[in-house]
Amino acid sequence: MKLPIAGPALLQLIPQRAPMVMVDALVGYTETTVVAQLKVQADTLFVDNGELLESGLLEHMAQSVALHTGYTYMLKGEPAPTGYIGSMQQVSVFQLPKVSDCIRSEVTIIQEYLGVTLVEVHSFIGDTAVAQAAIKTVIAS
C-alpha cells in the first residue's frame, strides 16, 4: 500500500471500528516515525459544543501510534495486532480542535522492546501545536 492511506484500507491497520476510529489518514511513515491525520467532524465521537474533547484528542494520538504498529506488520505481511495503552505521561493540551479542523499527529518511536513501545507524540493544526504526550503501548500477547 502506498501512502497516504485512508478509507477502508486504513481500517486494516488498526483494531478500532466506528464510532471509535479517531484517525482518517496515514500520511507519513518510517521505521521510527509516523504521521497521522484526523479531520474533526460534527459527528465525531468525543465532540461536544463544536470542539473535540481532551479524551478524543488523546485517543487520536494513541491510534496514531497504533497506525505505526499496524503498518509495520502489514509491510511484513502479517495482520495488525491488538494493543493497549500502557500509560500516558507528560500530557499537555494547548488547544482543543474544533469541528472542521484537521489534526496532524507526528509520532516518534523512542524505544521498542518485547512488544512495549515508548513514543513521543506532537499534534498540530496547521503549524499550531495543540497537544503533546509520551505514550507507552503494549501489544497483546
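**Group meeting: a first look at the chain**

From the N terminus on, the protein chain runs β-β-β-β-β-α-β-β-β-β. That comes to one helix and nine strands. Helices (H or I, at least four residues) and strands (E, at least two) are DSSP runs, numbered from the N terminus.

A word on the source. This is a predicted model, where local features need pLDDT of at least 70, side-chain atom pairs count only at pLDDT 80 or more, and totals for chains, interfaces and linings use all residues. Residues are numbered from 1 along each chain as its sequence is written, and side-chain values use heavy atoms, with hydrogens and water left out.

Now the overall form. The C-alpha trace spans about 40 × 30 × 25 Å along its principal axes. The radius of gyration is 14 Å, which agrees with the value near 14 Å for a compact globule of 141 residues. That radius is taken over C-alpha atoms, and the globule rule is 2.2 Å times the number of residues to the power 0.38.

How much of the chain is buried? Of the 141 residues, 36% are. Buried means under 20% relative accessible area, exposed over 50%, and partly exposed in between, with a 1.4 Å probe and protein chains only. The accessible surface comes to about 7,400 Å², and 53% of that belongs to carbon and sulfur atoms. These areas come from the Shrake-Rupley method with a 1.4 Å probe.

Next, contacts, meaning heavy atoms within 4.5 Å. Take those with a separation of 6 or more: residues 24 or more positions apart account for 61% of them.

On to charge. The chain has 7 positive and 13 negative side chains, and the centres of the two sets lie 6 Å apart. Lys and Arg count as positive, Asp and Glu as negative; His and the chain ends are not counted. Each charge is placed at NZ of Lys, CZ of Arg, CG of Asp or CD of Glu.

Side chains of opposite charge can pair when their charged atoms come close. How many salt bridges does the whole structure hold? The search finds two. The test is a side-chain nitrogen of Lys or Arg within 4 Å of a carboxyl oxygen of Asp or Glu.

One joins glutamate 51 to lysine 98, with the closest N and O atoms 3.0 Å apart. This pair links distant parts of the chain, 47 residues apart: glutamate 51 sits in strand β5 (residues 51–52), and lysine 98 in the loop between β6 (83–93) and β7 (102–113). Glutamate 51 is partly exposed at 27%. Lysine 98 is partly exposed too, at 43%.

Another joins glutamate 106 and arginine 104, again at 3.0 Å, N to O. Glutamate 106 has a relative accessible area of 31%; arginine 104 has 23%.

Beyond neighbours within four places in sequence, glutamate 59 touches Gln16, Met20, Met22, Phe46 and Ile85.

Two last stops. Leucine 3 lies in the segment before β1 (5–6) and is partly exposed at 32%. Setting aside neighbours within four places in sequence, its contacts are Leu26, Val27, Gly28, Tyr29 and Tyr71.

Proline 79 lies in the loop between α1 (54–75) and β6. Proline 79 is exposed, at 69%. Its C-alpha atom is 26 Å from that of alanine 134, 55 residues apart along the chain.
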